[in-house]
Every structure is written in structure tokens, then in C-alpha cells.
Amino acid sequence: MTIETIAIEGLTTPVSRIGLGTWAIGGWMWGGTDEKASIAVIRRALDSGVNLVDTAPVYGFGVSEEIVGKALADGYRHKAVIATKVALEWRDGGVFRNSSPARIRQEVEDTLRRLRTDYIDLYQVHWPDPLVPIEETAAVLDDLRRAGKVRALGVSNFSPAQMDAFRRVAPLATTQPPYNLFERDIDQDVLPYAKQHGLVALAYGALCRGLLAGRIDAGTRFEGDDLRQRDPKFREPRREQYVAAVAALNAFARDRFDKSVLALAVRWVLDRGPTIALWGARRPAQLDGIEEAFGWHLDEQAFEQIDAIVAHFIKDPVGPEFMAPPQRALAA
Ligand code: NAP
């Protein structure tokens, strides 16, 4: 299989255009974790040529980074491009934005220890913190880059104006917004900005939290603290609309390209611009379809047909806004 790659400024290794997302591996908000399966899926990704592994301290409050660190021990570190994040803190069961220089200097050491490495390939600000000037955050991150602890810098959930502020102080290589064929607000602003300024966009939720993998139906139940229990797309009356759209997209993908809806969803993200599709998986078998996403393209007509299917079935579209963590001032 030939995996498509893309260059990220500041990194010498070409990066796979599918990245393994490890939020669910942390367990928190996904109904728990299975360490053995998690290590196996990370190694399966790396053995398949997917070198980008996206994690964050807040995923399982350290658990995801620790599991990534264990998976990369024993000779896997050199194969991996580790993307992790900074600037969300957790306290008394709550998660808050905090991108103060002091928080960042503390977090980077915790992250390096958990990941069992002495450098982070891509370090991303997880959410903008309105209490800290973006220039201050960018300056401390640039210090870490110059010190060699971090190789490239990114942001996540930032607007173009916020990225402008960051870029005035430090080189910005990537942005990480929500993006999939149901959630495409960034077509209006962030994606054109990325194209204009040479940033790579790491699209999160490329499978729309599993919906676009094609195995969720009206009867699917989610266990424990799984966030999909409160995701408005997974609640009626919307669930029926989204599930019907996925079935129609699957039929379209099969008829037109002989592919699954999952491959269509990933291809859709990859054919929209300088993107990487983050694919959240927590069991090796969930990566079985990786090769199906490469070696073909969507044309204009296919994009239009996909739009028509989405418009036909989704009468009450809703975005991923429910996932945004509170600001500290609002949370106190
Ligand atoms: P996602 O990739 O859209 O969906 C992940 C879920 O899809 C999996 O947990 C799995 O659900 C299901 N799935 C995956 N492969 C499958 C397959 N072959 N067959 C059936 N189901 C399959 O959602 P995501 O994990 O939220 O997003 C991906 C990554 O983006 C995250 O892991 C994280 O790294 C990043 N992210 C970043 C932010 C941010 O603010 N920067 C926010 C969200 C996510 P089950 O395991 O339950 O079956």
C-alpha cells in the first residue's frame, strides 16, 4: 500500500495523510480504555505506514500519552511523528483552558515524561484561552522549539484572527479543526487560511465520532461516559437523519467507487486541501480499511452528489460545538 504523505514545516520526515487519533484510547469520555488493544492499534498503525499519532495530556488525564509512550518504547519511537497538545488543565473533574506560560512550561515536562521521549514532533495549543494573550503563548512555545524540546508548532480550534496573532510571534505549521463531510464550517475560513499560509490542517472527527464508519444505527448504545450519549447527532430526531445519510453515502460509495463509506469519508477530507485525516481507533481491526482511502480521488461531480445526499437527509444539521471546554472565568 502507498500511503500519501504531506510535508509539515519544521519536520524533516514526510507525514502520513492519515493520523491515528488517540482520544478514545485515553478512555475518558469514551467509556473506558483497554491498554493492550491500544498499544496494539498504535503499533499496527506504525507498521502500516501511518506515522502520525495525535494525542493530548487531557485524553484520559495523562492516560493516552502514557499509552502512546509505552507503545513507542522498544524501537517504535523513530517511526512515529508525535503530535500532542498543551493548554488544557483539569481540576476537580472539570477541564479548563489555560495557556499561560507557567502552565505550558510545566505541561511540556509532564508530557515528555509520559511519552518517554526527549522531543515532541508537533506541539499544538489545544483550545484558545481568552485570558492569555496569544502572543505570550506563542512566545513560550517558540522558546521550547528553539530549545529542541519541540520541532514544530500548531494550534487547534483557532480562528484565522487568532492564528494571525500566533504567527506574528512564532512559526505556525499546522491547525487542527473539526472537519468531516457533515461538519464543514472551516470551508468558510480556516481551510482557505491554511491554504493561503502554507499550513497543514489536521482534521479531527474525520469519521464524525464513528458515524461515518457506517456501523452505527438507531439501536446502537454507548456505555459509561461515552460522549456520544450527549452528542446531538446521536440523539433523536437527528440520529435517524444522520444514519439514513450514512446509508445513502455508503450505497453511493459502493456504486460509484467500489469503496466503503468510511473510505469515502476519509477521501473527502483528503481531497479538500492540505489536510490530514485523524482517524480515531482503539482496536487494531478498526484500521482494516486504511488502504481503501488511497490511490483514488473524488471529482467535482462526486462532491456535488455527496452534498445532495447530505442536504436530502439532514434536515436539522448540527455541529460539534458541544465538545468545547469552558473558559476558566466562566467555569469558576
Ligand atoms: P473519529 O475519528 O471521528 O471517530 C472515532 C470513532 O470511530 C472510534 O472511537 C470508533 O468508535 C469509530 N471507528 C473508528 N474506526 C472504525 C471502524 N473501522 N469501524 C467502525 N467504527 C470505527 O473521532 P475522534 O476520535 O473524536 O477524532 C479523531 C481524533 O481527532 C481524536 O482521537 C483526537 O486525536 C483528535 N481530536 C481532537 C480534538 C481537538 O479539540 N483538537 C477534538 C476531537 C478529536 P468505537 O471505538 O466506539 O467503535
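1. Strands, as the word is used in this note, are DSSP runs of E that hold at least two residues and are numbered from the N terminus. The model discussed here is a predicted one, and the points below should be read with that in mind.

2. On that definition, T174 has its place in strand β10, which covers residues 174-176. With a relative accessibility of 0%, T174 counts as buried, because the cut-off for that term is under 20%. Once its neighbours within four places in sequence are set aside, T174 is in contact with I8, with L122 and Q124, with L153, G154 and V155, and with L199, V200 and L202.

3. V86 belongs to strand β5, residues 81-86, and V86 is likewise buried, its relative accessible area being 1%. Leaving out neighbours within four places along the chain, the contacts of V86 are I104, E107, Y123, Q124, V125, H126 and L141. As for Q106, which stands 20 residues away from V86 along the chain, the C-alpha atoms of the two are separated by 9.9 Å.

4. Within α9, the buried residues are A302, F303, I306, I309 and V310. Viewed down the axis of α9, these buried residues fall within an arc of 125°, which means that they line one face of the helix. An α-helix has 3.6 residues a turn, so residues three or four places apart point the same way. The cover over the buried residues of α9 includes α7 (238-257) and α8 (261-270), whereas E300, E304, A311 and H312, on the other side of α9, are exposed.

5. Turning to the ligand, there are 30 residues around it, of which D54, S156, R209, R228 and R282 come nearest. Strand β12, residues 275-280, contributes the largest share of this shell, namely three residues.

6. A polar backbone atom of R209 is 2.8 Å from an oxygen atom of the ligand, and a backbone N or O atom of G205 lies 3.2 Å from a ligand oxygen atom. In the case of Y59, a polar side-chain atom lies 3.4 Å from a nitrogen atom of the ligand. Taken alone, the ligand exposes 890 Å², and the protein buries 92% of that area.

Note on methods: Residues are numbered from 1 along each chain as its sequence is written. This is a predicted model: local features need pLDDT of at least 70, side-chain atom pairs count only at pLDDT 80 or more; totals for chains, interfaces and linings use all residues. Side-chain values use heavy atoms; hydrogens and water are left out. Buried means under 20% relative accessible area, exposed over 50%, partly exposed in between (1.4 Å probe, protein chains only). Helices (H or I, at least four residues) and strands (E, at least two) are DSSP runs, numbered from the N terminus. The arc is that of the directions from the helix axis to the C-beta atoms. Contact means heavy atoms within 4.5 Å. A residue is near a molecule or strand if one of its heavy atoms lies within 4 Å of it. A polar contact is a pair of N or O atoms within 3.5 Å; within protein, one must be able to donate a hydrogen and the other to accept it, and residues adjacent in sequence count only if both atoms are side-chain atoms. Accessible areas come from the Shrake-Rupley method with a 1.4 Å probe; for residues, only the protein chains shown count as cover.
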